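Hi,

Here is the model I promised to send over. Have a look at it first, and my notes follow below.

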Amino acid sequence: MSDVTRRRHGRPVHHWRRDVVELAALFTAVAVADGVANLIGHGPDGPALLLISALALLATATFHTWWARRHGHAPPTGDTGARPLAAEGRQAGPSASSTVERDEVAVVSALWRMRTTVRDEPGSLAALCAALAARQVDILSLQTHPLAEGTVDEFLLRAPGRTEASQITGAVAAAGGADTWIERADAHDLVDAPTRVLGLATRTALDAAELPLALRQLLGRCTIRSLPARPAGGGRGPEEVPAEGVLEDTVLRLRAPEGGVITVERPYPPFTPTEFARARALVELDTRLGPRVPRGQDVLTLPEGEAITVRRADTRDLRAARQMHERCSARTLGLRYHGPVHDADRFLNHLLSPRFGRTLAAQSASGRIVGLGHLLWDGDETEVALLIEDDWQRRGIGAELLGRLVGMAVEAGCASVYAVTQASNTGMVAAMRGLGLPLDFQIEEGTLVITARLDTVPASCRLPYAGRQEEYDGPALRD
């Protein structure tokens with residue numbers, strides 16, 4: 001850059017030589033103009049010279065326009081050593097143009113969760129970070145999980161939208177990473193691990209039914225099964241698990257508070273000792289707090305004018321639920337349990353346990369339970385089931401319980417719910433249709449399975465006490 005255009009502290013510096021050159025150019029232009037005017041006005045070929053000058057000026061302007069459009073107004077970046085525009089925007093101050101550039105970069109960026117194993121030696125993590133930086137990949141968070149051999153590093157990354165997973169894993173492999181696993185992330189992953197664990201512990205402390213959901217959110221995509229110590233259908237229970245639990249690659253086995261076994265399994269990646277310790281801490285918290293359900297109830301008026309109370313229920317309602325069974329007809333129990341009616345009572349302890357799902361009870365003004373609705377965790381799927389006492393059927397109680405159960409499933413992040421019934425159970429079929437959700441009907445072993453997708457849940461299917469969880473700190477009302 002010449003002295004004429006050199007800048008100092010952001011301001012142009014003018015020199016006297018530039019002023020002299022400009023003044024000389026001005027006098028020269030005046031002299032040339034005067035000579036041309038005299039030649040045209042007094043010479044014999046003045047008009048011809050004027051026409052030739054106009055044509056030459058027009059040709060020069062046309063050539064200049066063509067040249068400018070072909071070669072642009074600035075030299076290539078490689079010739080000047082200038083940074084690309086995006087890099088300039090990142091290093092510039094908070095101007096309007098840099099703000100627009102940052103917004104454009106944010107729109108085309110993508111979040112990734114990645115886990116890889118590196119050697120436990122100085123410089124290995126630095127090499128990994130340098131490889132990601134070379135791909136313009138930003139590290140938003142990092143967790144390390146020490147192992148006996150090597151260290152598992154878990155990253156939350158933000159990469160340009162055009163970057164593919166294979167490009168990131170290739171760079172990581174070249175930098176020494178092994179057994180790399182990567183998947184797309186979303187805004188929920190931006191919460192740091194300690195904050196997320198504390199939130200899950202709070203939810204577990206308020207409601208025993210939250211433990212399976214908390215484990216799933218803590219450990220990612222996994223299948224969680226709770227096996228009771230004594231199966232409801234009889235037979236031998238699961239193999240006993242030591243108090244400290246068992247970690248087997250992609251399977252965790254933990255002792256449930258009531259003596260059963262909680263199994264957590266995922267295909268990949270293997271669980272780390274840190275994840276195992278966090279999962280065990282949540283289970284120990286649940287064990288210390290004991291049985292509990294959120295306190296809260298809603299009083300509803302039926303079309304006939306009678307009032308019922310809807311609340312959460314658990315195993316402490318076992319006696320009242322058995323009494324309702326005694327008042328139900330054999331046909332009603334058969335439609336609900338699809339088997340021998342005399343065996344129905346032994347399933348109640350399992351159904352009412354918050355370890356396996358959530359239960360809603362409909363209670364009459366006299367205090368009797370007249371209806372039960374169950375939301376049951378079944379591995380990766382979720383089942384809904386209803387039982388309404390004969391004298392209280394066809395009054396809208398089943399539809400009310402089902403809508404609230406679906407609201408709970410939505411709150412828990414379930415993608416769908418299914419109900420197992422019989423084609424002759426017109427009440428259950430009508431209640432499922434009344435949800436206003438896309439339904440899928442299948443016949444399996446003589447029973448009807450109705451699956452409802454929850455991706456378009458109407459506003460009516462919401463938890464009536466959502467947002468008031470601070471009220472649920474005590475036991476529910478009892479018979």
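Is Glu 210 buried or exposed, going by its relative accessibility? At 5%, Glu 210 counts as buried, where buried means under 20% relative accessible area, exposed over 50% and partly exposed in between (1.4 Å probe, protein chains only).

Before the rest, some ground rules. This is a predicted model, so local features need pLDDT of at least 70 and side-chain atom pairs count only at pLDDT 80 or more, while totals for chains, interfaces and linings use all residues. Residues are numbered from 1 along each chain as its sequence is written, and side-chain values use heavy atoms, with hydrogens and water left out.

**Salt bridges**

Back to Glu 210: its side chain meets that of Arg 358 in a salt bridge (2.3 Å, N to O). The pair ties together distant parts of the chain, with Glu 210 in the loop between α8 and α9 and Arg 358 in strand β13 (residues 357–364), 148 residues apart. Arg 358 counts as buried too, at 3% relative accessibility. The structure holds 20 salt bridges, each being a side-chain nitrogen of Lys or Arg within 4 Å of a carboxyl oxygen of Asp or Glu. Helices (H or I, at least four residues) and strands (E, at least two) are DSSP runs, numbered from the N terminus.

**Helix α10**

Helix α10 (residues 273–289) has 17 residues and reaches 25 Å from its first C-alpha to its last, close to the 24 Å expected; the expected span is 1.5 Å times one less than the number of residues. Its buried residues are Glu 275, Phe 276, Ala 279, Leu 282, Val 283 and Asp 286. They cover an arc of only 130° around the axis, which puts them on the same side of α10; the arc is that of the directions from the helix axis to the C-beta atoms.

Glu 275 (6% relative accessible area) is buried and forms a salt bridge with Arg 266, the closest N and O atoms being 2.9 Å apart. Arg 266 is buried at 5%. Asp 286, at 1% relative accessibility, counts as buried, and its side chain meets that of Arg 292 in a salt bridge (2.8 Å, N to O). Salt bridges that share partners also join Arg 113, Arg 115, Glu 154, Glu 183, Arg 266 and Glu 275 into one network.

Eight of the ten residues of β3 are buried, so β3 is largely enclosed by the rest of the structure.

Cheers
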